[in-house]
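Thanks for passing this one along. Please keep the view open as you read, and turn to each spot as it comes up.

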Amino acid sequence: MIPRIRHSLPIRNLTRTRISPTSRFPPSRSTSSLIRPAQPRSVLPGSTTAGAPAPIRSLYRNLATAVEIPNPSAPLFPPIHLPASPLMSNPFPPVPAIPKADGPVNLHLPPTDDRVHKYFTLPNGMEVIVVSDPKADKAAAAMDVGVGHLSDPADLPGCAHFCEHLLFMGTKTFPSENEYSAYLSKNNGHSNAWTAMTSTTYFFDVGADALEGALDRFSGFFYEPLFNEDCTEREIKAVDSEHKKNLQNDMWRFFQMEKHVFREDHPYHKFGTGNYETLWSRPKADGRDPRQQLIEWWKKYYCARRMKLAVNGKEDVETLEKWVRERFERVEVRSEGSPPVGVEGVRIAFDESPMGPEQMGVITFARPVKDNRGLEITFPFPDLTHLYKSKPTNYITHFLGHEGKGSVLSYLKSKGWTNYLRAGMAHGVAGFDFFKVTVDLTPEGLQHWNDVALVIFKYISLLRSAPPSSLIFEDLKQMAEISFRFAEKHKPDMYCVELTAGMQDPVPRDRIISAKWLIEEYNQEELESTLLYLDPRKAAIGVTSRELPKGVEGTFDLKEPIYGTEHKRVRVSDEFMKEPALRPELLRNTPLSRLWYKRDDTFWLPKANIDAKLTSPLFTTSPRNAVLTSLLCEVFTDAGTEDVYDAELAELYFRVYAGGDYIGITTRGFSDKLSVLSERMLGKLVKLEIDPERFREIIDQLKLMWENFKLGEPYRQAGFWDSYATSEVAWTQAERLAELDHISPADVQAFAKEVFQRTYIETLVHGNTTPEGAKSMQDMIESTLSPRPITETEKNGHRSLIVPVGNHVLSLPHPNPAEVSNAIIYHVHIGDPDNQALRTRLNMFDQIVHEPAFDQLRTKEQLGYIVQTSVSSRVGSLGWKVLIQSERDPVYLETRVDSFLAQAKVLLEGLSEEEFDRHRSSLIAKREERPKNLGEESKRYWARVADKTYEFGRRQAEIEELRKTTKADVISLLTDLIAPTSPTRSKLSTHLKSTYSGVKFDMASAQPLVAGFMKHNVAVDQSAMGALMASAPDLQKVKDFALAAVDKAAGLAEAAGMELREMIGGLKGKEATASTGADGAGEDKLDEKTVWIRNQEELLSFKAGLRGSKAQMPVEPIEVGSAKL
């Protein structure tokens, strides 16, 4: 005879496991069993799809692709962004009662299931499903009683489990201890049972012809058990033996330890298995009878209304129903007067979480029996079983449990820290649940256990950073539908177990079966609310290892009382989840070089970015040297194209460029190959070889570029002269062109040799590398270039020239006689850009006037297509400027800007405090924007190195200053430094005047045509028209554009077409001349004290009289190790 094994592993695993199309049942809702404590697993479908239908294969591909957000090679990990405080209240409806059926129930079954099912409720409230399977060679039944060990009496731990054992020991009708099991054994059957936290499940299978006799014996468990006194102590010893076999089982030990470290006042804290001491010795010592306590407990909780029965047999459903009614209607109702839901309710539920504030943010280090290493993160969750339509935790588990490219697991495996990851709901019951992420740890991973946890937290933050994806949700929904549609049958006993479990869930009765499978509707609010529960501040972290990880002080100083598991508990430090470092760390500062380093603690990619600048006073001392510098970079780039092409295919990039007073070097890509690429390319740079034929081609390219500059757009030319006028060292295109014909390849090689002999190297290494790796990279650069240091004075960059107080106008003709547009840059010098308060007030001023200026000057006055305001910042000079490109005369444009600024004070004074705060909030939001990728973050740091301010905390400082800035501060800035009437204003306007002479389009003549187009509904491409008007077209271009619009007009009547063509022919032009005052605004319209600069000779004389700004000095201190990472 096969011995009866009551407590083998239950099929209802305690987690959400992989859903396989070949599996009859999806994973049930997690219920922690005393038989097998849960370990969460990924829910990404993991079975092979080779033979699956095409829709399944395509959906697998879609799901695998969808999770790779937003980077295809590794997860993009943002900083951990958290709400101001954790979500402590439940935003979902309270735990509901199990709904009652209204009339007959038509169960929603998989299309593949041809068995007849019938749902009904007995008069005592017991719910039943019977299944008729005429082909079955076995019959089965299961009973799920909705009470478990969380309802144990406080002084009788293990009571529910003990009850489960003792029910097998005979009933009044069948008093023999082994009658039930003997009958099953004789009829090719077996039985099993387990006790969970809020349910106890009994089930059996038997030969198909022996079902009725099995039901006779089984039913008595629930209305006439003997609880035989003779076998009470014996069964308690059996329970004790079961407990002892688990004493060295790490799964059991850690499950009980979790219960132990969570809230002591919560039922979850209880010891559910029980042993001889808790069930016999202690009660006897206290004068209590454990058998009598058990009987009283059974009478209280084993109520028909808490029971769910399923029977599967070959008989028709009518016969099966008859058998059930004859036997199970005898089960008593024992919950009269009880609430529908609650600790003592008809549906037993515990709506308080076992994790309170004292259990959140705690790390438990536990010593296992076996030499295993692992980490588990537990988040407290409410019970969400009633959200069966959206199943929000399935969506979360899909991402966190994903094992493909771009997943958390993929990243952790690439670091060598872990081999598997499981994620999902576990240890949950009616009322509360837990979301767990569990990983194993390699020896290296154990030393990086905190990094592993942070990676998981950051990936969760990524999930919260964007709205839930309805597309991915739909893919998951379709996968569930396919699995349901092609579901296979399960063994009868296990099928009955699943049916009883389904009846315990608060879902519509027709959805008892399908609710386990199907996802019905996308609910963004439910998904977002669920994501809020994944808050690192509410999590508990468990780390298992035979020895404490390095860096964890002390010993395993605590011991769990039941299993004796040694452990240590520490609270998560404030540093653990700190935001990424705001600035790089200075690792080296010598006369030869300076090295900045920042580990990638934001995106966690296996990549790095290296920026270096080589500073030499030779680069810009003359036009010849400036051209040699450009040629050096261009020739090297051209020669290295073939060398870097293959590297670029592998996403490795190397670039050399002229940065003004320095040569810049940029390397990007996967960190393990960057040093190899950099060393190879730097070696080629130092030993530069030049192909004479390619050299001539490059000379021609530069010549063409600089010659074409004079044909460029007016606003770009104005921008050059605006910068040239206030630059200490700058060379015109003509000065550069004059040198090109006098430079040979040998000159470039000699120049390269000279500048590399004496240079200063400043480097930023940012990404997936260590400080030692960054230093090694810097050593390589220094050894490859082998320079001598330059002097401290030579390290100082160029300064700006400060425009004196007054109104200055630089007026130059556009060198292209065919250009019809003018341009103006109206530039006001404000002060020192290192003055934080001044800079912040100017930014606020531009934020407020930017849109009104565009509206007034472009939209209302139609001065031109290009109109913008901006803040400018150069070495030692902070400014505000207005740029306009227009057909209007520059002097007229200048007067219109003056007029706008005259009204700006009224605009500012009219702002309400609420409007001012909105502008302030907008600026703060811009500065709080996070970099979207590693390259963007590197650019932010490098910008502060390149401009020599080293103000890495600029954004944070500006935010603090913005919070203090008032409307009065901005008005004062306007009146003192910007307004045309200010006696202390410093302003230089650059006017680029058109020299065009010909017929230009007259806008005034177009009004009748515009009205005609509107009358006959002729569509016009607005962007194309805007581009045309921006080019200040001649009359013929406008006519051609209008005729094309008429020709394309659909459904245009012939008469209307003729009318419009006649209007187009009547468009007029006006003679354009180079004379000033075409708009009635000559130079006399400006302030009579205006200083005019009319040509380049006068400009050089003007520059010679300007004082230089201060040299750029570090805003933040430069100290080795100054940035704490």
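1. How to read the values. This is a predicted model, in which local features need pLDDT of at least 70 and side-chain atom pairs count only at pLDDT 80 or more, while totals for chains, interfaces and linings use all residues. Residues are numbered from 1 along each chain as its sequence is written, and side-chain values use heavy atoms, with hydrogens and water left out.

2. Strand S21. Start with residues 760-767, which make up strand S21 (strands are DSSP E runs of at least two residues, helices are H or I runs of at least four, both numbered from the N terminus). Eight of the eight residues in S21 are buried, where buried means under 20% relative accessible area, exposed over 50%, and partly exposed in between (1.4 Å probe, protein chains only).

3. The partners of S21. Strand S17 (residues 593-599) runs parallel to S21, and seven bridges join them; two strands pair if DSSP finds at least two bridges between them. Here Arg-599 is opposite Gly-767 of S21. Strand S18 (residues 607-615) pairs with S21 in the antiparallel sense, over eight bridges. In that pairing, Leu-764 of S21 has Asp-611 opposite.

4. Strand S3. S3 runs antiparallel to strand S5 (residues 200-207), with eight bridges between them, and Asp-144 has Thr-201 of S5 as its bridge partner. S3 also pairs in the antiparallel sense with strand S6 (residues 307-313), over six bridges; there, Ala-141 is partnered by Val-311.

5. Salt bridges under cover. How many salt bridges does a search of the whole structure find? There are 70, counting a side-chain nitrogen of Lys or Arg within 4 Å of a carboxyl oxygen of Asp or Glu. One of them joins Asp-113 and Arg-115, with 3.0 Å from N to O, and both residues are buried. Another joins Arg-347 and Asp-383, whose closest N and O atoms are 3.8 Å apart. Because Arg-347 lies in strand S8 (residues 347-348) and Asp-383 in the loop between strand S10 (374-382) and helix H10 (392-400), this pair ties together parts that are 36 residues apart in sequence. Arg-347 and Asp-383 are both buried.

6. A salt bridge within a helix. Lys-795 and Glu-792 form a salt bridge with closest N and O atoms 2.7 Å apart. They are about one helical turn from each other, because they sit three residues apart in helix H25 (residues 792-795). Buried or exposed? Lys-795 is buried, at 13% relative accessible area, whereas Glu-792 is exposed, at 55%.

7. A network. Salt bridges also link Glu-212, Asp-216, Lys-322, Glu-326 and Arg-327 in a network.

8. A negative patch. Glu-229, Asp-230, Asp-289 and Glu-296 form a negative surface patch, and Glu-296 belongs to helix H8 (residues 290-301). Members of a charged patch have over 30% relative accessible area and no salt bridge, and like charges are joined within 9 Å.

9. Two serines. Ser-776 is in helix H24 (residues 771-785) and is partly exposed, with a relative accessible area of 46%.

Conventions
Patch = residues over 30% accessible without salt bridge, like charges linked within 9 Å, V, L, I, M, F, W, Y side chains within 5 Å. Areas by Shrake-Rupley, 256 points an atom, 1.4 Å probe, with all protein chains shown as cover. Lys, Arg positive; Asp, Glu negative; His and termini not counted. Charge placed at Lys NZ, Arg CZ, Asp CG, Glu CD.
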